[in-house]
Amino acid sequence: MADASGWARGICRGLYLAARRSGAGPRSPYVRDQLQIQANERIAACGRLLQSGRLRGKPLGVAYGLRGLAFLDRGDIPHAIADFNRAVEYAPDFAPAYQNRGNA
């Protein structure tokens, strides 16, 4: 299971970094638009991964947590909370899921 967990962390790290790259300031309309686009891309990528059936246990919970973050970035609080709840269900020791659920 350690291999699957490392694999999920690698995917998560890549999704996170891709969503955060930008050369403009955070208040720029361009950046807001790009963050929305990237959030939608992260939601789609996580959705494909979740539907693949390849993840179990903690990696599955981490994937739900990542999609929850993308929903949160998009301002979709109900979907974010639902995904954070699933993250806690599958990965009860994944502390960021609890924190992010509280932030939502």
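These legends describe close-up views of a predicted model.

The model is predicted, so local features need pLDDT of at least 70 and side-chain atom pairs count only at pLDDT 80 or more, while totals for chains, interfaces and linings use all residues. Residues are numbered from 1 along each chain as its sequence is written, and side-chain values use heavy atoms, with hydrogens and water left out.

**View 1. The overall fold has 5 helices and 0 strands.**
Along the sequence the pattern reads α-α-α-α-α. Helices (H or I, at least four residues) and strands (E, at least two) are DSSP runs, numbered from the N terminus. Of the 104 residues in the protein, 37% are buried. Buried means under 20% relative accessible area, exposed means over 50%, and partly exposed lies in between (1.4 Å probe, protein chains only). The protein exposes about 6200 Å². Carbon and sulfur atoms supply 54% of that area. Accessible areas come from the Shrake-Rupley method with a 1.4 Å probe; for residues, only the protein chains shown count as cover. Among contacts between residues at least 6 apart in sequence, 47% join residues at least 24 apart. Contact means heavy atoms within 4.5 Å.

**View 2. Tyrosine 64 and tyrosine 90 form a stacked aromatic pair.**
A search of the whole structure finds 1 aromatic pair. In this pair, tyrosine 64 and tyrosine 90 lie 5.9 Å centre to centre, with 5° between the planes. The pair links distant parts of the chain: tyrosine 64 sits in helix H3 (residues 57-74) and tyrosine 90 in helix H4 (residues 77-90), 26 residues apart. Rings of Phe, Tyr and Trp (its six-membered ring) pair if their centres lie within 6.5 Å; planes under 30 degrees apart count as stacked, over 60 as edge-to-face and the rest as tilted. Tyrosine 64 is buried, at 11% relative accessible area. Tyrosine 90 is partly exposed, at 28%.

**View 3. Tyrosine 64 has contacts beyond its sequence neighbours.**
Neighbours within four places in sequence are left aside here. Tyrosine 64 then touches Leu50, Asp83, Arg86, Ala87 and Tyr90. The C-alpha atoms of tyrosine 64 and alanine 91 are separated by 9.5 Å, though these residues are 27 apart along the chain.

**View 4. Helix H3 carries a run of buried residues.**
Among the buried residues of H3 are Pro59, Leu60, Gly61, Val62 and Ala63. Others include Gly65, Leu66, Arg67, Gly68, Ala70 and Phe71. At 1.5 Å a residue, the 18 residues of H3 should span 26 Å, and its end C-alpha atoms are 26 Å apart, which agrees. The expected span is 1.5 Å times one less than the number of residues in the helix. Just after H3, glycine 75 takes a positive phi of about 85°.

**View 5. Helix H4 has a buried side and a face turned away from it.**
The end C-alpha atoms of H4 are 20 Å apart, in agreement with the 20 Å that its 14 residues should span at 1.5 Å a residue. Ala80, Asp83, Phe84, Ala87 and Val88 are the buried residues of H4. They cover an arc of only 145° around the axis, which puts them on the same side of H4. The arc is that of the directions from the helix axis to the C-beta atoms. An α-helix has 3.6 residues a turn, so residues three or four places apart point the same way. The face turned away from the buried side carries exposed Pro78 and Glu89. Cover for the buried residues of H4 includes H3 and H5.

**View 6. The largest nonpolar core has 14 residues.**
A nonpolar core is a set of buried Ala, Val, Leu, Ile, Met, Phe, Trp, Tyr and Cys residues joined through side-chain atoms within 4.5 Å. Those with the most contacts inside this core are Leu50, Leu55, Leu60, Ala63, Tyr64, Phe94 and Ala97. Helix H2 (29-52), H3 and H4 are the elements that give two or more residues to this core. H3 gives the most, with 5 residues. A second, separate core of 5 residues includes Ile43, Phe71, Ala80 and Phe84. Neighbours within four places aside, phenylalanine 94 contacts Lys58 and Val62.

**View 7. Asparagine 100 is in helix H5 (residues 95-103).**
At 13% relative accessibility, asparagine 100 counts as buried. Leaving aside neighbours within four places in sequence, asparagine 100 contacts Leu69, Leu72 and Phe84.
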